[in-house]
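I opened my notebook today to look around one protein model. Here is what I looked up, entry by entry.

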Amino acid sequence: MTIQWLGHSCFLMTTDEGTRILCDPCDAATGYEIAPQECDILTISHDHHDHNYAALALGNPVRIDKSGEYRAGDVRISGISTYHDHDGGKKRGNNIVFVFEFDGMRIAHMGDIGEPLTDTALEVLRADVLAIPVGGNYTIDAQEAKKYCDLIRPGLI
């Protein structure tokens, strides 16, 4: 398994069997010039230009941009509905946290989560690897991110 950060909140993960997962591709307006990527699965946490630039996904990937339970190849994916802000999505809309299970690992990609941690989310979000935003303007701030990390206790952040 490999996990490669491409820029902003865009990651490319490859399972041991070779399944490629592209998460939250962003356009060049973010300041990151990310090359197009061959992938089998494309996940989009929300419909903002810095997370939904599907033109970077080459091939014919399975596109997942809704909450729910999915299986694609050797990957199990859970999409968990969250909010992009502290006001129940009134400012910035919804967000999907994706939890990927493959190669004996659980990887959580938080997208642009903006809501504080809840007990329900904590139960679902058990993860070995946590990709979490820290910003405080459009996402949770450093103190909120630390709460997530302290409670989830992933092996890698």
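Before starting, I wrote down that buried means under 20% relative accessible area, exposed means over 50%, and partly exposed lies in between (1.4 Å probe, protein chains only). I also noted that this is a predicted model, where local features need pLDDT of at least 70, side-chain atom pairs count only at pLDDT 80 or more, and totals for chains, interfaces and linings use all residues. Residues are numbered from 1 along each chain as its sequence is written, and side-chain values use heavy atoms, with hydrogens and water left out.

**Entry: threonine 43**

I found threonine 43 in strand S5; strands (E, at least two residues) and helices (H or I, at least four) are DSSP runs numbered from the N terminus. Is threonine 43 buried or exposed? Threonine 43 counts as buried because its relative accessibility is 1%. I then listed its contacts (heavy atoms within 4.5 Å). Leaving aside neighbours within four places in sequence, threonine 43 meets Leu22, Cys23, Asp24, Pro25, Ile64, Phe98 and Phe100.

**Entry: the sheet**

I followed S5 into an open sheet of 5 strands with mixed pairing, in the order S1-S2-S3-S5-S7. Two strands pair if DSSP finds at least two bridges between them. Strand S1 (2-7) and strand S7 (62-64) are the edges, each pairing on one side only. S5 and S7 run parallel and are joined by 3 bridges. Here I saw leucine 42 standing opposite arginine 63 in S7.

**Entry: leucine 56**

I looked for leucine 56 in the loop between strand S5 (41-43) and strand S6 (57-58). Leucine 56 has a relative accessible area of 5%, so this residue is buried. Not counting residues up to four places away in sequence, leucine 56 touches Leu22, Pro25, Cys26, Ile34, Ala35, Pro36 and Gln37. I also checked leucine 42, 14 residues from leucine 56 along the chain: their C-alpha atoms are separated by 9.7 Å.

**Entry: the lining of the largest pocket**

Which strands each supply at least two residues of this lining? I noted strand S2 (10-14), strand S11 (105-109) and strand S12 (129-131). S12 gives the largest share, 3 residues. I sorted the lining into 14 nonpolar, 8 polar and 2 charged residues. In that sorting, Ala, Val, Leu, Ile, Met, Phe, Trp, Tyr, Cys and Pro count as nonpolar, Asp, Glu, Lys and Arg as charged, and the others, Gly among them, as polar.
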